[in-house]
Amino acid sequence: MKTKESYHLQNPTWCKGCGLFGIFDALKRAAAALEIEPEDMVIVTGIGCHGRLNNYFNAYGFHGLHGRAMPVATGIKLVNPRLQVVAVSGDGDAYSIGLGHFVHALRKNVGLTYIVSDNRVYALTQGQVSPTTEFGTVTLSTPLGSKDFPIDGPSLALAAGGTYIARGFSGEVALLASLIERGMRHDGFALIDILSPCVTHNKVNSYDWYRQHIVHVEEIPGYSPKDKAKAWDALNDPEKIAVGLIYEEDKPSFEGLVLPDRDKPVAALDLKVDIPRLDKIIDTFR
Amino acid sequence: MINDLAVMIAGKAGDGVLFTGNVLAKLLKRHGWEIVTSRDFPSNIRGESTCYTVRASLDKIYGLSDQVNILLAFDCEAILAHLPEIAPNGIVLCDGQGLMAPPPEKARDKTFHRFYLRALAREQFGQEIFKNVIALGGLSYVLDLDPSFLEGIISEMFLKRKGEEVVRKNIQAARFGYKKAKEITAETERHPLTKRGDEGRILISGDEAIGLGALAAGCRFFAAYPICPATEVWQWLVHYLPDFGGVTVQTEDELAALNMTLGASFAGARAMTATSGPGASLMMEAFSLAGMAEIPAVIAHVQRLGPATGMPTKSQQEDVLQWIFGSHGEFPRIVLAPGTVSECFDLTVGAFNLADKYQCPVIVLTELDMGQNFRTARAFDFAAVKVDRGRLLGPDELRNALDFKRYEMTVDGVSPRSLPSYKNGVHLAESLEHNEKGYRDEDPLNRRRMMEKRMRKLEQATPDLFPPQTWGSQKAEVGFIGFGSTLGAVLEAMERLRAESIPSRFLQLRTLWPFPAGEVRQFLAESREIFVVEHNFSGQLATLIKSQISPCGELKSILNYSTLPFTPREIVDPVLRSRR
């Protein structure tokens, strides 16, 4: 029997009140609900405050380069699909420097759980504009206010063929844990975009601000996560930010399609030199 | 008796020059000849001039000569373009309406014949496509080859894919071409070749040999982005990896290709990517990550002409220093440079073992000339392939591990590795400077110790690396130093210098980094005059030698940064000039 303590390595040193605490807690709860052995889980992180997660979470980890969590996680999943591979990124990681990787891992439908902690600011570098920062926001890099129009990860995912698209809020850990857990069970790519306040560098999008601006999709009359049109409408509501399971569909996962045998991980193959077989191949050059 | 010959097939992209050249190369190989092919082609699918040269010799050869004995041209343009290369007694067969024979003073000793391949193909077989097999039949006659050999190759190529009818028609076309060439050419114009046993040799490109080396060495994950001239490594592997339980992935870019390779390697697979030019620049970022996180990875880099997009279908050796000194930060890396197709195989196998043993990125650095062209070799010896995963712990070894340290301080700097799913081996592969456990650590002393740990991994690696190969006379005043596919031109230049009573030696570097300073220093000491031969503008190898050996005396560079690989003459001439 696993509890969230099974994955707790040490207490984080994020700023007091950081949304990442909620994410850390929710991820531990989701792992416990699935009874995952720490050695069967790999957390791949990008660069940003979220990247410290590996130091706190008891599981295999890969803290790579800024924006490159997706290809690393894809490589891990493909050679050992039995592993629960969770990638964690910030909004800069996922939607700016790593945007190409995000869209392609998603359209390939690789069986990854992608947690994007969106605080709408570059926090680790002390507060520059991020791709999700609201238009007009004054930041270190935009003293006259941001002139970029923000992008929305879940909308992008929906357009690119995402098969599990959810949005959570760091202030609602129980819901977040259930969205992550369900994403981890999903056979294919699961995006969990998370509204996650930065208490130090983003004084606008606070917990209270989010509480006033979110709407849970279950509260939308007639909402169904199987209905792409409804999902699109919910994501593009100018007044409210939709939270919950936005969209879900069944589609074959990439590893299911490309691996000769999912139960024989590439990573565990016997690499003995098969001389007769190779000799047969070399005949094609004679 | 003819013991060396070059046949050039020229035309427009889309004419079937590649097909015709490939078949001719195989045909000559089966008659027991050593083969080196060379293609000069544009980065374009159709319409521009392209040519394919098959050089055949009774001696072991590794590169091209500087003349053409037989030119088969699908149009007349090629004749004027290649006239200076056509040897005395050369014969030109041309399917064209335009100007064919050049002015008499230039055409001396050469014969020119119209060979209306397209018209004949249409009249006799209803389709122009048969022109290539007619041409091959014609060449079989001119070279006095055994017609059954061509027919055998036609059957092998077409029977499975296209059926008996296609085979029958093509064999007819081959016989027709043979007969037609007999009508056109005089007996004295033929270049009859000796026939020898084939001895089970193979005809293979460097890219394919790298692919085969990877397969034999246990590479089971390959991620790449299409790029000329490295794509063939992958295009070959893609057919075989699934049968061996492996997988190939086409990624969105080269950033992803190397990062994905690192992910797969971290999780336990022997993993590889291949690239060239701009792709290699994109990989620089993750190259550094492999060094810091100590993740084994093999990167095949088939060099093409740069900078920028440069010329994607031309060979060059411009990216040497990029891999040796490149990327941000300092970290251990190994750079291997095969000079023959056999070495492409052997060094790729070695690259995987080195990557696992030293837990660092290993580059197999070749060039387009080696990668895309075909050369004969003895069949590779798979019994000699050993798979050594280095200090990779298994689940059993970890059973009682209480405090596994992925980056444990060890005497040789190499730390034990565990894989995800192994109990008691949980760890973090970390791109930040880290401590023995893998966790971020900014302590100055820790930084110093970790840097030293990583950098000392290769201090004792020399016995595992591929030592330089010395070619030529024991005692020689002239010494050449080079690497990669310049080998063929250098060896032939040495032969010609010998004929001029100038003995010479060649030090062929097969490991560029860690730099084989001992061997190079000795070679320098034993030579009166040193020429560093490289296919680039600035003399990158010479720069490397000077940076690693001090004092090193005068190095004379023989450089070529044109679109074509070295010919022997381009190496002989500067040597003769310097001695005048």
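Which residue is the bridge partner of A:Phe62 in strand 16 of chain B? In this predicted model, local features need pLDDT of at least 70 and side-chain atom pairs count only at pLDDT 80 or more, while totals for chains, interfaces and linings use all residues. Residues are numbered from 1 along each chain as its sequence is written, and chains are lettered from A and ligands numbered from 1 in the order in which they are written.

The bridge partner of A:Phe62 is B:Ala429, in strand 16 of chain B. This bridge belongs to a pairing across the two chains, in which strand 2 of chain A and strand 16 (residues 428–430) of chain B run in the parallel sense over three bridges. Strands (E, at least two residues) and helices (H or I, at least four residues) are DSSP runs, numbered from the N terminus, and two strands pair if DSSP finds at least two bridges between them.

Between the chains, 46 residues of chain A are in contact with 56 residues of chain B, contact being defined by C-beta atoms, placed from the backbone, that lie within 7 Å. On the side of chain A that touches chain B, two or more residues come from each of helix 2 (53–56), strand 2 (60–63), helix 3 (69–79), helix 5 (99–108) and helix 11 (275–282) of chain A. Helix 3 of chain A gives the most to this side, with eight residues. By residue class, the side of chain A that touches chain B divides into 27 nonpolar, 12 polar and seven charged residues, where Ala, Val, Leu, Ile, Met, Phe, Trp, Tyr, Cys and Pro count as nonpolar, Asp, Glu, Lys and Arg as charged, and the others, Gly among them, as polar.

Chain B itself has 20 helices and 22 strands. The radius of gyration of chain B is 26 Å, close to the 25 Å that the globule rule gives for 580 residues, so chain B is as compact as a globular protein of that length; the radius is taken over C-alpha atoms, and the rule is 2.2 Å times the number of residues to the power 0.38. Along its principal axes, the C-alpha trace of chain B spans about 85 × 60 × 40 Å. Of the 580 residues in chain B, 54% are buried, a residue being buried if 20 or more other C-beta atoms lie within 10 Å of its own, exposed if 12 or fewer, and partly exposed in between, with C-beta atoms placed from the backbone. Among contacts in chain B between residues at least 6 apart in sequence, 73% join residues at least 24 apart.

Helix 10 (residues 254–266) of chain B has 13 residues and reaches 18 Å from its first C-alpha to its last, close to the expected 18 Å, which is 1.5 Å times one less than the number of residues. This helix is mostly covered, with 13 of its 13 residues buried, and just after it B:Gly268 takes a positive phi of about 120°.

Several loops of chain B hold local backbone features. A cis peptide bond with omega about 0° joins B:Cys228 and B:Pro229, and B:Pro229 lies in the loop between strand 8 (219–224) and helix 9 (231–237) of chain B. The peptide bond from B:Gly306 to B:Pro307 is also cis, with omega near 0°, and B:Pro307 is found between strand 11 (297–305) and strand 12 (311–315) of chain B. B:Asp109, although not a glycine, has a positive phi of about 70°; this residue is exposed, with 9 other C-beta atoms within 10 Å. B:Ser327 likewise has a positive phi of about 70° without being a glycine, but is buried, with 20 other C-beta atoms within 10 Å.

Definitions and conventions:
Two residues are in contact if their C-beta atoms, placed from the backbone, lie within 7 Å.
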